[in-house]
Amino acid sequence: MAERSTEPGTVSRTAPRLAFLAATVVFAGFFVNTFLYVLTNGPTTARITIALLCLSALMFLQLKVFSNPRSELHSPVAYSALAVQAALIWVPVAYFGEDWIGLPGFLAGSAALVLPRLAGWLVFAANALVIGALQAHYTGPLIDILYMVMVTTSTGLIVYGLSRLRSLVAELDCARSELAKLAVTQERLRFARDLHDLLGFSLSAITLKIELTRRLVATSTERAREELTEVLAVARQALTDVRAVASSYRQLSLDDEIASARSVLSAAGVDVTLDAQPGELPSPISTVLATVLREGVTNILRHSRAERCAITLTREAGSVSIEIVNDGRPAATGEPSGNGIDNLTTRVGALGGELDAGPVNAQTFRLRATVPITAEPVGEDDAEHHDRRPSMAPRLALLLVSAVFVVYFINGVLWTLDAHLGPGATALTVTCLVGSLALQLGCFSNPRFRLRSPAGYAALAALATFTFLPIVTFERPTLGIYGFVAGSALLVLRPPVSWAVSSAVLLSVCGLQWAYGGGWFGVGYGIVATMNGALVVYGMSRLRSMVQELHDARSELAELAVTQERLRFARDLHDLLGYSLSAITLKTELAGQLVLRDPARATDELGEVLVICRQALADVRSVARSYRELSLDEEAQSAEALLRAADIDVTMRLDSCELPQEVRTTLATVLREGVTNLLRHSKAERCEITLTHSTGTVTMDIVNDGVPTSGRHDLSGSGIDNLTSRVRALGGILRACGEADTYRLHAEIPVG
């Protein structure tokens, strides 16, 4: 019952229900207390009937209006309910007298909830003062007056605190999904940035080199083959980058990027001047500078007609700078803009550095980044951590709980002063009360304190000592706060031990009241006061813990959502870009073989590589913005062309039919994965692709004769797992299996 856990799923399922239960039980305890007073002082049928009707109506208003997180408290309905509550509390005072004056605390707490802040707390204070005046009218002693003022104050704070804490639990529970969405959005932006930085460069470099190679095929076959070798290297690096982005591991080598930049710019006919001082750099700094270099070279290739480019890497005391200057700025171009520069500014700023990008004169453009060598990343991760600092909700919970327990402490001090024990005994009793309050605030109601531990058990034993020591020593049953012990036992111990210990505390109260002359009234009062105190301690502490748990769980749930988004991105990168990069690699290898013996066909293959590169760039944007619709017809044409380029005999039979977009996209993805696996993992000579549509079902089969005998029983992989998830999401089934000398990928999806 009291075990605190920040398991997100558990908290999210139980928190609102526990909040409602805690508030209901505590409020019921106060109303039962009032009803017992009515029964004690003249239990006539009329008194009982009126009391039950009024208390039932008050309970309904408290739970359904004032303490309901869904209620609009600043509305005519709430104001009307407050007026009805005031009538139900103050009108019966004339009939029940002193038995009813424990209830105005409910009106005080509700007024603080419903009315504007200043007006609400003024009404709160007015209720407490009026109760003090009434108590003066009924009894007269100052200690009784102060006690009833504090009772009204504590009741009002309990009502306000439980209601606000219940609302905070509901608000935090509702806010979890919004925070998770925000975390996913931030992760999506990070992926988009990394795709732009890594794959955008690689695909642009491949496109440039393929265009150069097509021109060289007819004039310089050896140079063309060299360029194709470099294209293969870039394509393989791009595949590595796909895995790097998907796994969120994004270290880059600055030396490798410098060599790649020189090669790509030279291939584009740009005269490159390089001045790079050698030396080891911390991995985060090397990665950021490599990213700056990639973006600078990519921008030169895409947006300028540069003839010369100077790349300078300079190390100075405590900092390192990279500068990229080119003469390709069009005269009419304004200030640079775009996501690339913004992304770089964010990355460099995260390391405490500065980035400057802009024209030097009418023809020259400069990109410069300076980063402190001792810099540590203080960007996104730390920002996320910063967002996890304690928010207003936990602080408000601490304030409310502390206020309630402090009022209980003040009541205990008032009872001690009223006992006239003498200086030494009074000092000992007040010391015990201070110890009880410190344990209650520092341990039992502290969400960070591990309750079910040796420290928790020791704290409970110390609390029991502080509570019962002055009672037994001075034989005064009113000197301790029994509810602290009973409620804390419910928090620390496990059922049924917790209930047994709380019951034992209750029985001890009865025995002490009777033994020290409290009589039947003292016994009854002790039972009700102890039960109320225990329920308040348990309810307020549990609600404060739930507020903290939900606040903590927000980060865990957001991280879970980010993990799921990461998996989705990894799947999409595998499905889309893995296929494209595999096709680029295959066709480039084929073109390299054809350059010498069939230049015309090699040129055609390189033309198809260019088409695939441009499609891959579109796929990068598609994945980054989470727009992943694919054309089944285009995928079929691409698959057929790719298989024929690999000298595979292809037979395609596709029924013409109208399908929902999500079904078409999923089938296109199945086709991509099937063809990718065929090219990567088999030596097929024939492939048959069929799409059939019958009533309520569409079926796709990809059958080939390329299953190695040694691998017939090892046909699983992340690609097939991804496809299985996609097809199942549409209510379909997917099977991948070897049959004799063939391999079949079968997808069946319901439509309509």
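Trainee: Leaving aside its neighbours within four places in sequence, which residues is Thr467 in contact with?
Mentor: In this predicted model, Thr467 touches Ser436, Gly480, Ile481, Tyr482 and Val485.

Trainee: And which helix does Thr467 lie in?
Mentor: Thr467 is part of helix H15, which covers residues 454–474.

Trainee: Is Thr467 buried or exposed?
Mentor: Buried: its relative accessibility is 1%, and the cut-off for buried is under 20%.

Trainee: What lies 2.9 Å from a polar atom of the Thr467 side chain?
Mentor: That's the backbone oxygen of Leu463.

Trainee: Switching topic to the sheet! In what order do the 5 strands come?
Mentor: The order is S1-S2-S3-S5-S4, in an open sheet with mixed pairing. Strands S1 (271–276) and S4 (354–359) are at the edges with a single partner strand each, so one side of each has no neighbour in the sheet. From one strand to the next, the twist averages 5 degrees.

Trainee: How do S3 and S5 pair?
Mentor: Strand S3 (residues 319–326) and strand S5 (residues 365–372) run in the antiparallel sense, with 8 bridges. In one of them, Asn326 is partnered with Phe365 of S5.

Trainee: Which strands does H10 touch?
Mentor: H10 packs on the sheet and touches S2 (308–316), S3, S4 and S5. The direction of H10 makes about 5 degrees with that of S3.

Trainee: How many residues does H10 have, and how many are buried?
Mentor: Helix H10 (residues 283–303) has 21 residues and spans 30 Å from first C-alpha to last, close to the 30 Å expected. Of those 21 residues, 15 are buried, so H10 is largely enclosed by the rest of the structure.

Note on methods
Residues are numbered from 1 along each chain as its sequence is written. This is a predicted model: local features need pLDDT of at least 70, side-chain atom pairs count only at pLDDT 80 or more; totals for chains, interfaces and linings use all residues. Side-chain values use heavy atoms; hydrogens and water are left out. Helices (H or I, at least four residues) and strands (E, at least two) are DSSP runs, numbered from the N terminus. Buried means under 20% relative accessible area, exposed over 50%, partly exposed in between (1.4 Å probe, protein chains only). A polar contact is a pair of N or O atoms within 3.5 Å; within protein, one must be able to donate a hydrogen and the other to accept it, and residues adjacent in sequence count only if both atoms are side-chain atoms. Contact means heavy atoms within 4.5 Å. The expected span of a helix is 1.5 Å times one less than its number of residues. Two strands pair if DSSP finds at least two bridges between them. Axes are lines fitted to C-alpha atoms, for helices over the stretch in contact, and angles run from 0 to 180 degrees between N-to-C directions.
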